[in-house]
Amino acid sequence: TGNPWGYGKQDGPSVWHKNYPVAEGDRQSPIDIDPHQASHDPSLGPIVLNYDKCTSIKIANNGHSVVVEFEDSDDRSVIQGGPLGNPYRLKQFHFHWGGKDCHGSEHTVAGNSYASELHLVHWNAVKYKTFEEAATAPDGLAVLGIFLETGDDHRWLHTITDVLYTVKFKGSVTDFKGFNPKCLLPSSLHYWTYLGSLTTPPLHESVTWIVVKDPIIVSEKQLSKFRTLVFTGEEEDQRTRMENNFRPPQPLKGRKLISRRV
Ligand SMILES: O=C(O)Cc1ccc(OCc2ccccc2)cc1
Ligand SMILES: [Zn+2]
């Protein structure tokens, strides 16, 4: 079964609208963040993460990215505060990255890309029964976006990069227990927030985006390990290196970007 969509010339972001017309909708993601355009909302509180009881289950190559899935049958790991009306449950996190360090992130800041972007995906289990149901609702999902910039080795990222060889091919899955993604956050959670969408098909307009201003620093060596993954399955003769799995910025269409200093 071929991929319904991808990041190549024939199946990439510029043609997603053919099968997913919402790609041309009014609240699509990612966007270019212009810090000077952001309005400050003093009533906007800090983001609160309660990840201490989080339970990671597995790490997988889904043919688009590498994803770490969490146990989300109760409120053991939630994000709340900030623009969020109630707690949202952590479901999974994954990354987007480039073929070179000069690009790879989905959101850009004043037109500048980072080397990679980490997305921590949460869903509103107060209002919706399943992730899939929440993923189609305008207040269903909350994604925390963290930029990755190259520099020194990241002290904890090796826990992920050391196991990437076990999920090289599309469809591969490995047990991945006991990982708490709090170790991947920068010290200060200054953030921008706006209403947007999934950045991959089905592109549902269901995401409250919370993009953290400060990047985390990872080494070029750690980042290069993400590029050893392939989009293709082990059984396919084609080996297409997994890189540049990012959607470019989409029109703001009059949306308000709000900024919160911690
Ligand atoms: O973080 C992102 O890139 C946004 C994003 C968040 C969640 C996501 O889940 C895929 C999915 C959505 C709906 C139903 C089934 C699968 C896909 C993309
Ligand atoms: Zn993502």
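Tutor: On a 1 Å grid over the protein atoms alone, a pocket is an open set of points where a 1.4 Å probe fits, with protein on both sides within 12 Å along at least five of seven lines; its lining residues have an atom within 4 Å of a point. This is a predicted model, in which local features need pLDDT of at least 70 and side-chain atom pairs count only at pLDDT 80 or more, while totals for chains, interfaces and linings use all residues. Residues are numbered from 1 along each chain as its sequence is written, chains are lettered from A and ligands numbered from 1 in the order in which they are written, and side-chain values use heavy atoms, leaving out hydrogens and water.

Student: How many residues line the second largest pocket?

Tutor: The second largest pocket has a volume of about 210 Å³. Asn3, Gly6, Asp11, Phe231 and Thr240 lie nearest its centre. The number of residues in its lining is 13.

Student: Which element gives the most to the lining of the largest pocket?

Tutor: The largest pocket, of about 610 Å³, is lined by 33 residues. Strands (E, DSSP runs of at least two residues) and helices (H or I, at least four) are numbered from the N terminus. Among the elements that give two or more residues are strand E4 (56-61), helix H2 (131-134) and strand E10 (141-150). With 4 residues, the element that gives the most is E7.

Student: Which residues coordinate the zinc ion (ligand 2)?

Tutor: Donors are N, O and S atoms within 2.8 Å of the metal (3.2 Å for Na, K and Ca). The donor residues here are spaced H-x1-H-x22-H in sequence. At 2.0 to 2.1 Å, the zinc ion is coordinated by His94 (NE2), His96 (NE2) and His119 (ND1).

Student: How many residues apart in sequence are the parts that His94 and His119 tie together?

Tutor: His94 lies in strand E7 (residues 88-97) and His119 in strand E9 (residues 116-123). His94 is buried (under 20% relative accessible area, with a 1.4 Å probe and protein chains only) at 12%, and His119 is buried at 1%.

Student: How far is an oxygen atom of ligand 1 from an N or O atom in the side chain of Thr199?

Tutor: The residues around ligand 1 (a heavy atom within 4 Å) include His94, His96, Val121 and Thr199. A polar side-chain atom of His94 lies 3.1 Å from an oxygen atom of ligand 1, and for His96 the distance is 3.4 Å. For Thr199 the distance is 2.7 Å.

How values were computed:
Buried < 20%, exposed > 50% of the residue type's maximum accessible area, 1.4 Å probe, protein only. Points joined across faces, edges and corners; volume = space filled by probe spheres on them. Polar contact = N/O pair within 3.5 Å; in protein donor to acceptor, adjacent residues only side chain to side chain.
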